[in-house]
Amino acid sequence: MKRFGSSGQSAIFDAVIFLVIMLVASSVLFMYSSGAAWQQDASTRAEESLHAQRALGALLRGDAGNWTYAGLDNATINTTGLSIEASLVQEMTMLAGGVPSAHFIGMNENISKLARALLGDARDWALALSDGQNASLIVISDSIASLAELPAERAASSAVCPSLSGGGDVTITLYVWRH
Amino acid sequence: MRFGGNDGVGGFMEELPALLVVLVAISVFVAGVASAYAGYVERSESLARRDRCQAFVQQALSEPSLLHDSRQGLFDWGKVSVLSNSDFTARFPTERAGFNYSIELRAIGNSTDSLLHARFGFDAPSGAAQKVAIDAPCNILTPEGRVEPAIMGLVAWGFAP
């Protein structure tokens, strides 16, 4: 079998070097292209934040519906005519006063149903209420039990509402993420 | 014409593999450039289309003639229900939007959901390319004075360059 001469070997060596340079250049292009994908991710994050902001506004402004539960001193509380924001702040006050959380199951499930409808099937969400002293007194979510389970990649929007008891403000935060 | 030098035809043949490697390298690079450029253009255009749709949705959510007390995102059903499709499209012309659209407003709340449903714009052709869909949460004030959570859904297509 005829072997390549020294000039042939040199040409192949040069060509392989050229191939390596082209592969490196293509990799750089690929990374640049991935950078553009990152730009798209940033845009998606901004859109998710906007969606969370709109969803929180729409949810809190909505009517709570007709719910009745036993509040402080077993007084009957009715949510008719209250917004969801007002009913949640009231729930915070009741919980802080020792009313069992079981009293709010029906109302919270209704809020959960509305939040799910507002946010769509492609997203998971969690609604958290805190009053400054308590880290998160209420967490309503379909998919997580506590805020410790929140994924790192998420959008959030908060609203600050005056508390009924005249104490610190109540912060209501909606966390949204794609599953 | 004869091949010169001591190598002759054999020398030329020895450099053929090198030529093939160079051609492969150039092809890989050109394919990489084309792919990166096409991806970049597609992503940029897709982002620009979504931005235009978001701006349109924001404009609709802020249209004072449809809102209660001009509160952004709180539609007054008394105003929305009497609005004709031609009124809506005159207020939001496709020429200004830069695309064709179909916009739907529906309550998702407690009781009379099915009655609170309005649709404006045009019929989206099935299989339209570059279709963009955006859902924006909002509210509807019912004639009874209740505030229902609602969704404004936009489907846009036929984007002008």
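## Basis

In this predicted model, local features need pLDDT of at least 70 and side-chain atom pairs count only at pLDDT 80 or more, while totals for chains, interfaces and linings use all residues. Residues are numbered from 1 along each chain as its sequence is written, chains are lettered from A and ligands numbered from 1 in the order in which they are written, and side-chain values use heavy atoms, without hydrogens and water.

## The largest pocket

Volume here is the space filled by probe spheres set on the points, which are joined across faces, edges and corners.

Its lining (residues with an atom within 4 Å of a point) has 25 residues, and A:Glu47, A:Arg123, A:Arg178, B:Arg50 and B:Ala133 lie nearest the centre. Helix H1(A) gives the most, with eight residues. The lining divides into nine nonpolar, seven polar and nine charged residues.

## The largest cavity

The structure holds one cavity of 30 Å³ or more; a cavity is a set of points where a 1.4 Å probe fits but cannot get out. The largest cavity has a volume of about 70 Å³.

Residues lining the largest cavity include B:Leu66, B:Phe75, B:Glu104 and B:Met152. By class, this lining has nine nonpolar, no polar and one charged residues.

Conventions:
On a 1 Å grid over the protein atoms alone, a cavity is a set of points where a 1.4 Å probe fits but cannot get out, and a pocket is an open set with protein on both sides within 12 Å along at least five of seven lines; lining residues have an atom within 4 Å of a point. Helices (H or I, at least four residues) and strands (E, at least two) are DSSP runs, numbered from the N terminus. Ala, Val, Leu, Ile, Met, Phe, Trp, Tyr, Cys and Pro count as nonpolar, Asp, Glu, Lys and Arg as charged, and the others, Gly among them, as polar.
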